[in-house]
Amino acid sequence: MQEIKRSSVDTIKQLLKLFPCVAILGARQVGKSTIINQLLPGIPVFDLEDEDVYNRIKKDISFFLKQQSSAIAIDEAQLLPQLFPALRVFIDKNRNKNGQFLLTGSSSPELLKNISESLAGRIAIYELSTFNLQESWQTKQSTFYNIILQKKWSKLDSLKTHISLQQLHTSCVYGGYPEPFFKRAKSSFFELWMKNYFKTYIERDVRNLFPSLNLDTYKRFIHMLSFSICDCMNLLKIAKTLSVSQPSVHSYLEIATGTFLWRALPSFTKNPKKRVIKSPKGYIRDTGLICHLLKIKTVDDLLSHPLFGSIWEAFIIENILKTLDQYLITYDVCHYRTRDNAEIDLILDSSKGIIPVEIKSGSTFRPEHITTLERFIKENNCSIGFLVNASDKVARLSEKIYQIPAGCL
């Protein structure tokens, strides 16, 4: 499989210039180990899943660190919790030297706890996601995101679609994990890869992180989530179905979120005049995994599936957020739904302002698609709002609302 340069490389290089240590976190198989060579070619890499390497470093961590004369990478750093306080001591002896250590790791409560307790102020954390659309189809970076950051709305009219609707639907079915996406043409490979990935996630990662967890119940919970894509969560209903307590369901959601499987979107509640539904909604972050769990195997299966609209919404939201992360802009991500069923799929809230985004899977615009957008923009003094759909051209739908084809993302 051809190695694709990750679009996050320049962002992480920037962090290495600013901090003594950078940690790249993310789900398994998103390319954390591969990106090390793209960031710092030839850098010594110590993989803690290698038993010999693990034992050698663990024997005397301080001695190991003192032997390093240049920057190093430590892969799967969460496997050695004692590493983090030793790193703090070592870094503090030469605090002004940045880019000394590059760590990678799969998320775990213990890993984040060690980072926050031992390396606060000394480390930058970056989440490496699955492939975005640019990486999957090897296209140029869309100017859409620069326009948002610079608030130069007049440039929206010049946006062009870089990805066809067929390509978008293909990415929606196969997701963004590199290996299954690029080997999708091989008979049965995608299905077998996803089956084994999910099995490993449950029986290895979750078992190791949460040894007392009932794995069969948690597995059923994940299957239930695949039918609840982009819908407000009813924890009580889920608890009754699984025959567990509501706090247990809350814990399951925290596990799914912390292992990068699930993204939760809280409710937008900044407008006190509106009676909003405060329940969060969310989605399994990789639509390839969603389609596997729902037994969707082809684009035709996807387009005819009753949950296609919800899967498409999750697909668009995740790709927007993946790309925005590369710009190191802090933003809150919410959804908006009122008691009278007025709804907006995505609210981006940052120092750049509040941007509402409505998402539709069809290509035809109807005026009722932007009724809630117009009202929300007026009530919250937004400078812009977007309707993202499957159309083929940018169009200005009202004074502050633009239609953006998904192919422009």
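**Exercise 1.** Determine how many residues of α17 are buried, and compare the helix's reach with its expected span.

*Solution.* Step 1: of the 18 residues in α17, 15 are buried, so the helix is mostly covered; buried denotes under 20% relative accessible area, exposed over 50%, and partly exposed the range in between (1.4 Å probe, protein chains only). Step 2: α17 comprises residues 308-325; helices (H or I, at least four residues) and strands (E, at least two) are DSSP runs, numbered from the N terminus. Step 3: from first to last C-alpha, α17 reaches 26 Å, close to the expected 26 Å, where the expected span is 1.5 Å times one less than the number of residues.

The model is predicted: local features need pLDDT of at least 70 and side-chain atom pairs count only at pLDDT 80 or more, whereas totals for chains, interfaces and linings use all residues. Residues are numbered from 1 along each chain as its sequence is written, and side-chain values use heavy atoms, with hydrogens and water left out.

**Exercise 2.** Identify the buried residues of α2, their arrangement about the axis, and the elements they pack against.

*Solution.* Step 1: within α2 (residues 32-39), the buried residues are Lys32, Ile35, Ile36, Gln38 and Leu39. Step 2: viewed down the axis of α2, these buried residues fall within an arc of 165 degrees, so they line one face of the helix; the arc is taken over the directions from the helix axis to the C-beta atoms. Step 3: the buried residues of α2 pack against α1 (9-18), β1 (21-25), β2 (45-47), β3 (72-75) and β4, contact being heavy atoms within 4.5 Å.

**Exercise 3.** State how many disulfides a search of the whole structure finds, and examine Cys291.

*Solution.* Step 1: the search finds 0 disulfides, a disulfide being a pair of cysteine sulfur atoms within 2.5 Å. Step 2: the closest cysteine sulfur to that of Cys291 belongs to Cys172, at 5.7 Å, which is too far for a bond. Step 3: Cys291 is buried, with a relative accessible area of 0%. Cys21 is likewise buried at 0%.

**Exercise 4.** Locate Lys295, Asn381 and Asn96, and classify each as buried or exposed.

*Solution.* Step 1: Lys295 lies in the loop between α15 (287-293) and α16 (299-304); although not a glycine, Lys295 has a positive phi of about 60 degrees, and it is exposed at 68%. Step 2: Asn381 occupies the loop between α18 (371-380) and β12 (385-389). Asn381, also not a glycine, has a positive phi of about 55 degrees and is exposed at 65%. Step 3: Asn96, in the loop between α5 (83-92) and β4 (101-105), is exposed at 77%. Its C-alpha is 7.5 Å from that of Pro20, 76 residues apart along the chain.
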